[in-house]
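Subject: Structure handover

Hello,

Please find the structure below, with notes on what turned up in it.

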Amino acid sequence: SDWSSDVCSSDLRIKMSKILLSLFVASSIAFAGLIDAIAIKVNNDIITLADIDTKMQLLNINKQDAVNLIVDEMLFDQEITSNHIIVDQLDIEAHMEKIAASNNMTLDQFIQAVKAQTNYDIFVNDIKKKLLKAKLSKKVLAGKLRYATDEDIKIYYDNNQKLFSIAAKIDVIKYSAINQDLLVQVSKNPMFFNEAITRTNETIDMATSSSNIRYLINGIDNGKFTKIAQDDKSFIMYFVKEKKEITVLPFEKVKDKVFEIIMKNRENQFLKNYFSQLRLNADIDVVR
């Protein structure tokens, strides 16, 4: 009797275990299917729940912001495809050469400076996106933008002279550490302290400093940190305390640059309106 009862109890446990295992497998499959399920259709392309979740985690943003960003990116890619726009390696290298020249650097020096500050592949991919946008702009903007007049340029120059000023010397605090994460902590909280961080006060002479340092510090305002870069043995970062011996570049010397800035601002505003209209006209279907 006791033996028979034990056998029945054992069989029951085995059956229950199989049922629970089946339920677990079924729920796992259902969950996987849900993650890969279509969330939104944008014209003929789809966005899955996994796409949204990945974007949220990657950029640490909420669901609605992630959806908006993905939809915008998808609409942009669709426009690039429909307009047959291509950016190749020669386009990218030519653009990098221009940036290098504007910073008084050779292409090799510029590439090394970039690699010391950020992920080079991500940097190149960002350039590709900018060039794609520029080519799309050229195509859709043809004859639709009002060109900046000499009066427009002079007014912008007078009202934004900070953009066209250079400092001969810059007082900085230099932070260096073997562990890059320590400098990230400092950039988030300047009061952060760790004995593994070396902190020194320096005055950088922009005329004699290396091209890497000029590129790193150029354009950084007082009271701001530079990006984290890498030298031979450690990671470095500068906090800009004060810019000294500031000179405003003459109007005639920067006139072309001011024109480019104004036209770029007008172009960006046009494209913002252009893509807003694309979104309004797009066939966007929210599935779940």
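Before the first helix pair, a word on terms: an axis here is a line fitted to C-alpha atoms, for helices over the stretch in contact, and angles run from 0 to 180 degrees between N-to-C directions. Please keep in mind that this is a predicted model.

Overall make-up

The protein chain holds 10 helices and seven strands. Of its 288 residues, 31% are buried. Taking contacts between residues at least 6 apart in sequence, 70% join residues at least 24 apart.

Helix packing

Two packed helices are described by the angle between their axes and the distance between the axes. Two such pairs are described here.

Helix α2 (residues 49-59) packs against helix α3 (residues 63-82) with the axes 9 Å apart and at an angle of about 110°. Angles of 65 to 115 degrees count as roughly perpendicular, so α2 is roughly perpendicular to α3. On the α2 side the contact involves Asp 51, Ile 52, Lys 55, Met 56 and Leu 59. On the α3 side, the partners are Lys 63, Ala 66, Val 67, Leu 69, Ile 70 and Glu 73. By type, the residues of this α2 and α3 contact are seven nonpolar and four charged, with no polar ones.

The loop between α2 and α3 contains Asn 60. Asn 60 is not a glycine, yet it has a positive phi of about 55°. With a relative accessible area of 70%, Asn 60 is exposed.

The second pair is α6 and α10, whose axes come within 11 Å and cross at roughly 80°. That angle makes α6 and α10 roughly perpendicular to each other. From α6, the contact takes in Lys 133, Leu 136, Ser 137, Val 140 and Leu 141. From α10 come Glu 267, Asn 268, Phe 270, Leu 271, Tyr 274 and Phe 275. The residues of the α6 and α10 contact divide into seven nonpolar, two polar and two charged.

Aromatic rings

How many aromatic pairs does a search of the whole structure find? The search finds nine. A pair of rings is described by the distance of the centres and the angle of the planes. One of the pairs is Tyr 147 with Phe 259, at 6.2 Å centre to centre and with 20° between the planes. Planes under 30 degrees apart count as stacked, so the pair of Tyr 147 and Phe 259 is a stacked one. The two residues are 112 residues apart, and the pair links distant parts of the chain. Tyr 147 is in the loop between α6 (120-141) and α7 (150-159), while Phe 259 belongs to helix α10 (residues 251-281). Tyr 147 counts as exposed at 59% relative accessibility, and Phe 259, at 27%, is partly exposed.

There is also an aromatic cluster formed by Phe 76, Phe 270, Tyr 274 and Phe 275. Of these, Phe 270, Tyr 274 and Phe 275 also take part in the contact of α10 with α6.

Two lysines are placed over rings. The charged end of Lys 115 sits over the ring of Tyr 120, 5.1 Å from the ring centre. Lys 154 lies over the face of Phe 251, with 5.7 Å to the ring centre.

Single residues

Asn 43 is in the loop between β1 (38-42) and β2 (45-48). Asn 43 is not a glycine but has a positive phi of about 55°. Its relative accessible area of 34% makes Asn 43 partly exposed.

Is Asp 171 buried or exposed? Asp 171 has a relative accessible area of 12%, and it is buried because the cut-off for that class is under 20%. Asp 171 is part of strand β3 (residues 165-177). Beyond residues up to four places away in sequence, Asp 171 touches Glu 202, Thr 203, Phe 239, Val 240, Lys 241, Glu 242 and Lys 244.

Tyr 215 is in helix α9 (residues 211-217). Leaving aside neighbours within four places in sequence, the contacts of Tyr 215 are Asn 103, Met 105, Phe 110, Ala 113, Val 114, Gln 117 and Phe 123. Phe 110 is 105 residues from Tyr 215 along the chain, and their C-alpha atoms are separated by 8.4 Å.

Ala 94 is in helix α4 (residues 89-102) and counts as partly exposed at 36% relative accessibility. Between the C-alpha atoms of Ala 94 and Leu 107 the separation is 9.5 Å.

Regards

Terms used
Residues numbered from 1 in each chain as written. Predicted model: local features only at pLDDT ≥ 70, side-chain atom pairs only at ≥ 80, totals over all residues. Heavy atoms only, no water. Helix = DSSP H or I, 4+ residues; strand = E, 2+ residues; numbered from the N terminus. Parallel < 35°, antiparallel > 145°, perpendicular 65-115°, else oblique. Contact = heavy atoms within 4.5 Å. Nonpolar A, V, L, I, M, F, W, Y, C, P; charged D, E, K, R; others polar. Phe/Tyr/Trp six-rings, centres within 6.5 Å; stacked < 30°, edge-to-face > 60°. Buried < 20%, exposed > 50% of the residue type's maximum accessible area, 1.4 Å probe, protein only. Lys NZ or Arg CZ within 6 Å of the ring centre and 35° of its normal.
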